[in-house]
Amino acid sequence: MTAGTGGLVTMLGIETSCDETAAAVVTETGDPARPWRVVSSVVASQMDLHREWGGVVPELASRQHIRDICGVVDGALSGAALRLSDCDAVAVTHGPGLVGSLLVGVAFAKSLAWHAGRPLVPVHHLAGHIESLVLEGGEMPLPAVVLVVSGGHTSLYRIPSRGRYELLGRTRDDAAGEAYDKVARLLGLGYPGGPAIDRLAQSGDDRAVALPRTRLTHADRNARDLPGHLDFSFSGVKTAVSRYVIGRRTALELGPEEALPDREIADICASFQRVVVSSLLDRVFEAATGEGARSVGLAGGVSANGRLRRDAASRAAVAGLPCFVPGAALSTDNAAMIAAAGLRRFAEGVRADWSLNAEASLRL
Ligand code: KG4
Ligand code: ZN
């Protein structure tokens, strides 16, 4: 273990699964209630690169990761005032995600670990998002129910014991963040759409537009092991917003360059957000009751949403459960959460060999 840290492990984490190149140093604290501490964390976002295309372009993303990774890892080590040889192990996201993007991080982490003679720890991206809650707020009372909700994922997990994640439900079509981004595009609000809708919704009437709420009652024939009633679906509400917008544009006789009135846009944002947030939280709290959860959590980019956070906090208070939500820096993709999940796995004895590969559809 690192000299001078009294046997506490220091982990270098690397994350490149989508459009953020990230590296971080996280150490064990020795306190079982708050097991990890972020020493440094660097994120190079590619948001500006992808904005003009209205979404992430995989080939551009992997090329940009190659350009950024040396500087980002260097920045994380120098921010921690450490050399590579001061780190006890290297943790890397090996899936799920864009395969070309993942490959950059996996190949880089393998080279570093081999060069430094340190073990390599494979991390599932969603395990990273879940452990971001522990990194931020300490160990969660178990069993816990955690929703990971981002641009690529909307999945509900039960955590029966530390480091175990059982899938309870997931989206059958769009991720919630993807629905935010698509609706924002329909309204001409730019990319990424989540923050813009969140902001505009504050001044809108959330009952102004009647939108459908999808409730899945049957098991998914592609995943019979899941109960089904805890699954999500957002393509219906997205299509309903699209139809509504087309109808209003026709009624107002707007030209292709003309936008709907600000008031109407705010009402659509607020109504869409009410439906998405209540669909998410209904499943979370239904699962929490069914599973006898002692805490609940929200992780991933959409967990930054103001209404989601407020409503989750008030529903958790009514249910008498602590609600774990990451701060802004840990909610979107970062490597501190990967290093934290890596520390959990390292302590369990998990190591990768040099054949570790990127897996676009890796299961947790
Ligand atoms: O976790 P993340 O950074 O990347 C992955 O998709 O893995 O999440 C990005 C997503 C985008 O879809 C973005 O629109 C959404 O999170 N998002 C939000 C908010 N901030 C980011 N959605 C709703 N409200 C927000 N405040
Ligand atoms: Zn993510």
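Colleague: Buried means under 20% relative accessible area and exposed means over 50%; with that in hand, is A76 buried or exposed?

Modeller: This is a predicted model, and in it A76 has a relative accessibility of 0%, which is under the 20% cut-off, so A76 counts as buried.

Colleague: Where in the chain does A76 sit, and what does A76 touch?

Modeller: A76 belongs to helix 2. Once residues up to four places away in sequence are set aside, A76 touches A23, A24, V25, S40 and V42.

Colleague: And how far is A76 from A201?

Modeller: Those two residues are 125 apart along the chain, and their C-alpha atoms are separated by 37 Å.

Colleague: What about L77, buried or exposed?

Modeller: L77 also lies in helix 2, and its relative accessible area is 10%, so L77 is buried by the under 20% rule. Leaving out neighbours within four places in sequence, L77 is in contact with L12, V25, L82, R83, L84 and C87. As for S41, that residue is 36 places from L77 in sequence, while the two C-alpha atoms are 9.0 Å apart in space.

Colleague: Is C87 itself buried or exposed?

Modeller: C87 has a relative accessibility of 1%, which is under 20%, so C87 counts as buried.

Colleague: Let's step back; how many helices and strands does the chain have?

Modeller: The chain has eleven helices and ten strands. Along its principal axes, the C-alpha trace spans about 70 × 45 × 35 Å.

Colleague: What radius of gyration does the chain have, and what would a compact globule have?

Modeller: The chain has a radius of gyration of 21 Å, and because a compact globule of 364 residues would have one near 21 Å, the two agree.

Colleague: What share of the residues is buried?

Modeller: Buried residues make up 53% of the 364 residues in the chain.

Colleague: What share of the contacts joins residues at least 24 apart?

Modeller: If you take contacts between residues at least 6 apart in sequence, 73% of them join residues at least 24 apart.

Colleague: How are the charges placed, going by the mean positions of the positive and negative ones?

Modeller: There are 37 positive and 40 negative charges in the chain, and their mean positions are 4 Å apart.

Colleague: Back to details, then; which peptide bond at P96 is cis?

Modeller: The bond from G95 to P96 is cis, with omega near -10°, and P96 is found in the loop between strand 4 (89–95) and helix 3 (99–116). A cis peptide bond also joins L142 and P143, where omega is about 0°; P143 is in the loop between helix 4 (125–137) and strand 6 (144–149).

Colleague: What is phi for A81?

Modeller: For A81, phi is near 55°, which is a positive value in a residue other than glycine. A81 is in the loop between helix 2 (58–79) and strand 4, and its relative accessibility is 67%, over the 50% cut-off, so A81 counts as exposed.

Colleague: And E253, what is its phi?

Modeller: E253 has phi near 55°, again a positive value in a residue other than glycine. E253 is found in the loop between helix 7 (235–251) and helix 8 (262–290), and because its relative accessible area is 70%, E253 is exposed.

Colleague: One more loop residue: where is L230?

Modeller: L230 lies in the loop between helix 6 (193–201) and helix 7, and with a relative accessible area of 4% L230 is buried.

Colleague: Which residues does L230 touch?

Modeller: Not counting residues up to four places away in sequence, L230 touches L156, L168, G169, R170, R283, E286 and A287. The C-alpha atoms of L230 and V284, which are 54 residues apart along the chain, are separated by 8.3 Å.

How values were computed: Residues numbered from 1 in each chain as written. Chains lettered and ligands numbered in written order. Predicted model: local features only at pLDDT ≥ 70, side-chain atom pairs only at ≥ 80, totals over all residues. Heavy atoms only, no water. Helix = DSSP H or I, 4+ residues; strand = E, 2+ residues; numbered from the N terminus. Rg over C-alpha atoms; globule rule 2.2 N^0.38 Å. Buried < 20%, exposed > 50% of the residue type's maximum accessible area, 1.4 Å probe, protein only. Contact = heavy atoms within 4.5 Å. Lys, Arg positive; Asp, Glu negative; His and termini not counted. Charge placed at Lys NZ, Arg CZ, Asp CG, Glu CD.
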